[in-house]
Amino acid sequence: MIITASPMLTTTSSTDEAAPADAALSAAQGAALYRLMTWLSPAFPVGAFSYSSGIEWAVEAGDIVDAPTLQDWLCAMLRHGAGFCDAVLLAHAHRAAAAQDHAALGEVAELACAYAPSRERHLETTAQGRAFIEIARAAWHSARLDAAISACDGMTAYPVAVGLVSAAHGVPLAATLHGFLHAVVSNWISAGSRLVPLGQTASQRLIAALEPVVIGTGARALIASLDDLGGATFRADLAGMRHEAQYTRLFRS
Amino acid sequence: MPLDTAAAAIFAANRAQGAVKFDVKREDGVTRRGRLHESGSLRVRFPSPEADGLSAVFINTAGGIAGGDRFDSEIAAGAGTRLTLTTAAAEKVYRAAAAPAQIRIALKAEANAHLCWLPQETILFDRARVTRSIDIDLADSASLLLCEIVVFGRAAMGEKMLSGEFVDRWRLRRGGKLVFAETVRLDGDIGMMLARPAVAGGAAAIGTALIVPGDEALVQRIRDTAPRFRGEVGISAWNGIAMARFCAQDGARLRADMMAVLGCASGTALPRLWLA
């Protein structure tokens with residue numbers, strides 16, 4: 001795991017390809033990997049498990065009935081929906097925080113809080129973001145964290161929270177982006193597999209199948225300007241809205 | 001002059017440009033038009049006066065939108081005014097050779113103003129390219145009813161939009177604070193994208209309505225009309241606003257659903273042009 005993850009944590013990929021398989025991580029790389037795996041683990045207490053991003057309604061409505069339909073739904077959400085958009089917002093928050101450009105950070109923070117397609121999706125991003133910031137303050141403090149948080153004026157949507165905390169800890173952007181998208185897609189698969197339901201092996205096959213989509217989406221987000229933000233998952237948005245009135249629900253979104 | 005340069009010059013010379021800018025003010029208890037600026041192929045007409053509000057109808061004398069066209073609208077509703085804006089016909093966006101058409105809309109509503117932006121649908125032909133931005137600036141006490149319908153190809157003519165580009169950037173500020181932001185972005189193989197269940201599930205028309213102020217009581221009223229909907233409709237309220245999203249097989253079904261939702265949201269009648 002550490003060997004395959006380590007090239008992501010450095011910025012020059014060409015030399016990494018040739019690095020020997022037993023090359024050690026530097027202290028900074030080791031710290032970055034340790035922190036990302038902690039912050040983006042399902043065990044990190046932001047309550048990710050309680051949100052399904054509308055997948056619960058899509059299963060109820062029969063749009064998602066098995067592994068292939070779940071995969072197609074998630075692929076669209078990654079490429080043309082919340083996955084790509086949140087990744088772009090994370091990237092801009094990370095860059096602004098790393099440059100200590102608090103005006104730019106404040107703008108991204110405001111945009112990220114307004115960029116939600118329904119009440120529950122708004123709750124999903126703001127509640128997880130707020131929890132992420134509170135835990136970072138309590139357990140993962142760093143010198144630059146407080147200034148970055150105050151620049152957001154209380155508006156810390158989840159991708160902005162992850163971006164600014166990573167930047168304040170010097171964790172590289174590209175690795176944070178891929179780690180974040182992995183956490184998001186894993187959470188969606190976890191929700192989908194409980195609802196359909198799917199077995200553990202089918203879930204793992206899904207995570208494996210979506211790897212190239214996550215990598216491609218992360219790569220696009222890395223070079224996207226805020227004007228490139230955009231999506232088209234109208235029916236995933238509809239699912240998020242209709243979930244509000246769903247009779248029996250396990251999830252908060 | 002080389003042929004392609006000449007062709008480009010002719011193309012550029014034939015692109016439509018249009019701009020409309022005006023404001024309305026409250027005088028003697030009624031809404032009156034202030035200064036009006038019109039240019040190019042975008043025109044606005046003010047039909048019969050109504051009780052205490054004013055209606056404005058946009059007319060695109062170019063008869064449609066092609067690549068490279070540019071249209072700008074800037075409208076301000078002064079304190080206490082009631083203004084309803086619509087279009088005389090559905091707007092058609094034709095196939096573009098290269099540059100996308102650009103549409104820029106800026107709406108402002110001051111204290112206690114009631115602003116309705118209710119254009120008829122936009123029909124995108126196959127290989128159309130258009131980039132639109134809608135910026136709305138509301139005072140805290142202003143109210144808004146806004147809708148947009150986009151139809152991908154004329155289904156009744158057996159036409160579909162298979163490829164092209166559609167970018168629609170919306171930013172809504174209330175009391176200076178950004179409360180809603182969204183950019184719809186469809187490009188490349190649009191036919192294949194629209195077919196995906198999480199995107200449009202094969203639907204050929206999408207729509208969005210923003211209602212300010214919006215609350216749970218309004219959401220419930222709209223949900224109660226759900227059995228009458230002909231397509232898919234979602235409604236949600238947060239940040240003091242409500243948003244309705246629509247997805248339907250064709251423009252006619254979507255328009256019927258939009259009218260049902262707007263009817264729940266508004267005490268005022270919809271523009272008569274909508275009913276034609």
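This is a predicted model: local features need pLDDT of at least 70, side-chain atom pairs count only at pLDDT 80 or more; totals for chains, interfaces and linings use all residues.
Residues are numbered from 1 along each chain as its sequence is written, chains are lettered from A and ligands numbered from 1 in the order in which they are written, and side-chain values use heavy atoms, with hydrogens and water left out.

Ser41(B) is located in the loop between strand E2 (30-40) and strand E3 (42-45) of chain B; helices (H or I, at least four residues) and strands (E, at least two) are DSSP runs, numbered from the N terminus. With a relative accessible area of 10%, Ser41(B) is buried (buried means under 20% relative accessible area, exposed over 50%, and partly exposed in between, with a 1.4 Å probe and protein chains only). When residues up to four places away in sequence are not counted, Ser41(B) touches Ala16(B), Gln17(B), Gly18(B), Ile59(B), Asn60(B), Thr61(B), Ala62(B) and Phe71(B), where contact means heavy atoms within 4.5 Å.

Chain A contains 14 helices and 0 strands. Its radius of gyration of 18 Å agrees with the value near 18 Å that a compact globule of 253 residues would have; the radius is taken over C-alpha atoms, and the globule rule is 2.2 Å times the number of residues to the power 0.38. The C-alpha trace of chain A spans about 50 × 45 × 35 Å along its principal axes, and 58% of the 253 residues of this chain count as buried. Of the contacts in chain A with a separation of 6 or more, 80% are accounted for by residues 24 or more positions apart.

Chain B comprises 5 helices and 17 strands. The radius of gyration of chain B, 19 Å, is close to the 19 Å given by the globule rule for 276 residues, so chain B is as compact as a globular protein of that length. Along the principal axes, the C-alpha trace of chain B spans about 60 × 45 × 35 Å. In this chain, 54% of the 276 residues count as buried, and 71% of contacts between residues at least 6 apart in sequence join residues at least 24 apart.

In chain A, a cis peptide bond with omega of about -10 degrees joins Val196(A) and Pro197(A), and Pro197(A) lies in the loop between helix H11 (173-195) and helix H12 (200-209). In chain B, Val212(B) and Pro213(B) are likewise joined by a cis peptide bond, with omega of about -5 degrees; Pro213(B) lies in the loop between E15 and helix H3 (216-224). Asp153(A), a residue other than glycine, has a positive phi near 55 degrees. This residue is placed in the loop between H9 and H10 of chain A and counts as exposed at 63% relative accessibility. Arg127(B), which is not a glycine, has a positive phi of about 65 degrees. The loop between strand E10 (122-124) and strand E11 (129-138) of chain B holds Arg127(B), which is partly exposed with a relative accessible area of 42%.

A search of the whole structure finds 3 cavities of 30 Å³ or more. On a 1 Å grid over the protein atoms alone, a cavity is a set of points where a 1.4 Å probe fits but cannot get out, and lining residues have an atom within 4 Å of a point. Grid points are joined across faces, edges and corners, and a volume is the space filled by probe spheres set on the points. The largest cavity has a volume of about 110 Å³. Its lining consists of 13 residues, of which Asp168(B), Trp170(B), Val184(B), Ile206(B) and Thr208(B) lie nearest the centre. Strands E12 (143-152), E13 (164-174), E14 (177-188), E15 (205-212) and E17 (241-248) of chain B each supply at least two residues of this lining.

Notes. On a 1 Å grid over the protein atoms alone, a cavity is a set of points where a 1.4 Å probe fits but cannot get out, and a pocket is an open set with protein on both sides within 12 Å along at least five of seven lines; lining residues have an atom within 4 Å of a point.
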